[in-house]
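Please look at the sequence and the model below first.

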Amino acid sequence: MQARFATRTDRFTATTERAGFLGAPGRQVFAALTLPGTSTAAVVVCPSILHDIEHTDRREVALAHALARAGMASVRFHPRGAGHSDDLADLSLDAMREDAEAALAALREAVPDRPIAVVGVRAGGLVAARLVAGLGAAAPLVLWEPAPDARSFLKDGFRAARMTRLVGGATAEELDADRSPLERLAAGEPVALHGYRVPPALLRDEATLDAGVRAGRGAVLVVQLGPRPKLAPALRRLVDGWAAGGRDAGAVVLEHPDGWLVTASEPAHEALVEVTVGWLRDRLGGHVADAAGADPMTAGAL
Amino acid sequence: MSPVDATAERPVYFGPDDDLFGVLTAPTGAARGVGVALMNWGNWDPAGPDRLLVRLARRLADDGFHSLRYNVRGVGESRGRVAGFHGGSPPVDEAAAALDLLRAEGITRLATVGYCLGARAGLAVSAAPDVVAHALLAPVLLDFRPTDRWRALPAAAHLVGLRGDLRRRSIRTPDGRRRALRRLWAAAAAVERHRGRPPSTGRGRHRWVATGLAAPLEDLAARRVPVLFLFGDADAYLDDFRLARLGGLRRPLRRSDRIELRVIAGQVHRIDDPAVGRRVVDATAEWLAASIPAVGDPAPSTSAP
């Protein structure tokens, strides 16, 4: 057990993938770097958490591969307390930001002096906005259907869990017995969401997406995926507010019947990835022709 | 919290063209010389539902086992695409590559722990003589696509369910009567579906269980290899197991006293409570430790289900 990172290089594209652990024992963060032969920019992907990982992880992998084809290096990571990373008694947004900074440092070491962009995936948007604000430079920020705050993220999750149980045949009494998970969580009681333990510290975090984005200076893109043809009112208000404040802020709605759901085959990601890579390439530079190429994941190659 | 952290772990790409990704975990205590392949399919979280595979790997390391948790193609860091989920098509190539990697690490005794369809993958590679134990966590016992289990069940399953409804007198309520009628309709439809079909699954020698599960289990029973079936008492798959025990699983279960059924509280398939995940880890680790003797120890005895 010597090496801490596994490495593989695609013989056709010369893109290298490195997956392994960052940080000191007991505080190790699992990270995956995707490094094209030559890169013009570097992108940090801040993941979602809890049950959302099932819906988002593979889309983040697809994004990293597409970024590499467009000449952009990237790093993805599992926050401590999630995925392959070390345990953490109480996963929190503050801890996630520390992990994001560790991932960013690893990316900077691998590809120094490249312009940085950040992608935040749903709850990871709260971390991504804070990371961008701390960068100082006007780093572009892409938010995949972000949660306005941690409470909203959890509330949506509990509502979805309730609907799942209803469809699964739960009785009214069973549903009523689990009526107020947010209140129970606030009281420090352990609460499960789709089988994942929800850390109480998450609910205590009062940071908002709005405050995080306003603390930064770069362009912002919000991407919404799902059957709804219009941007959700809460996100529309945020984007309009940022634009009114002079920020380069926009939104894209991608209509898809499955939305964030995962199916038996592959989570829908093509349009999501294409929009994201195209927007980042416009702001950071990159290889136009390669980005639109066929997804080599189909053939098993990178 | 487990005393084992990622320090004892080594990420690795493996398989053809290094397409697959996994994490090797070394024992933190006295090594038993046994490598456990942790196989998950049926869940898109690369670490398993609520980190089930990570927790299990770290617990097993504490108990002296090597392990490899890995992602099938199209999940996590493994390349490729998921072709689709079907009970009759477990990801066998990945399972074989995982065992080969453990062998390449110099480990001479292997075990598999498979979750959901991953359990079927473990059984599919069970013929190898160096695989000394199999744990099947909420395994899929019939061949079906997602959401299609109801249609895949044999008529007997619906009739057994109807008998339970009658015993509980649940047909006194409108919901109960609707459910009973649905069962009757489903039983009739199952009879019609199976009329004239070849006895590959659900009939003949492997009645009420997939041949892909029953056939390797018969071989394991003949070799007296320890096998664990672990279900939650709320699992629909437990009902499938109980029915299969009256059909195609009867022979292997009678033939070997090393095939064990354990039922824990809650829902193991599609775990909806983190406490269930902890119980799964404990039950699996305890069973492995009891079933695989250290070299030189006498073989432990287990009771038949």
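How many bridges pair strand S3 of chain A with strand S5 of chain A, and in which sense, parallel or antiparallel? Strand S3 (residues 29–35) and strand S5 (residues 72–78) of chain A are joined by 5 bridges in the antiparallel sense; strands count as paired if DSSP finds at least two bridges between them. A:Thr34 stands opposite A:Ser74 in S5(A).

The model is predicted, so local features need pLDDT of at least 70 and side-chain atom pairs pLDDT 80 or more, while totals for chains, interfaces and linings use all residues. Residues are numbered from 1 along each chain, chains are lettered from A and ligands numbered from 1 as written, and side-chain values use heavy atoms, without hydrogens and water.

Strands (E, at least two residues) and helices (H or I, at least four) are DSSP runs numbered from the N terminus. In chain A, 9 strands form an open sheet with mixed pairing, in the order S1-S2-S3-S5-S4-S6-S7-S10-S11. Strands S1 (5–9) and S11 (249–255) of chain A are at the edges with a single partner strand each, so one side of each has no neighbour in the sheet.

Chain B has an open, mixed sheet of 8 strands, ordered S1-S2-S4-S3-S5-S6-S7-S8. Its S5 (residues 109–116) and S6 (residues 131–137) run parallel, joined by 6 bridges. B:Gly114 stands opposite B:Leu136 in S6(B).

Angles, from 0 to 180 degrees, are between N-to-C directions of lines fitted to C-alpha atoms, for helices over the stretch in contact.

| H1 (residues 53–69) of chain A | about 160 degrees with S5(A) |

Technical notes: Contact means heavy atoms within 4.5 Å.
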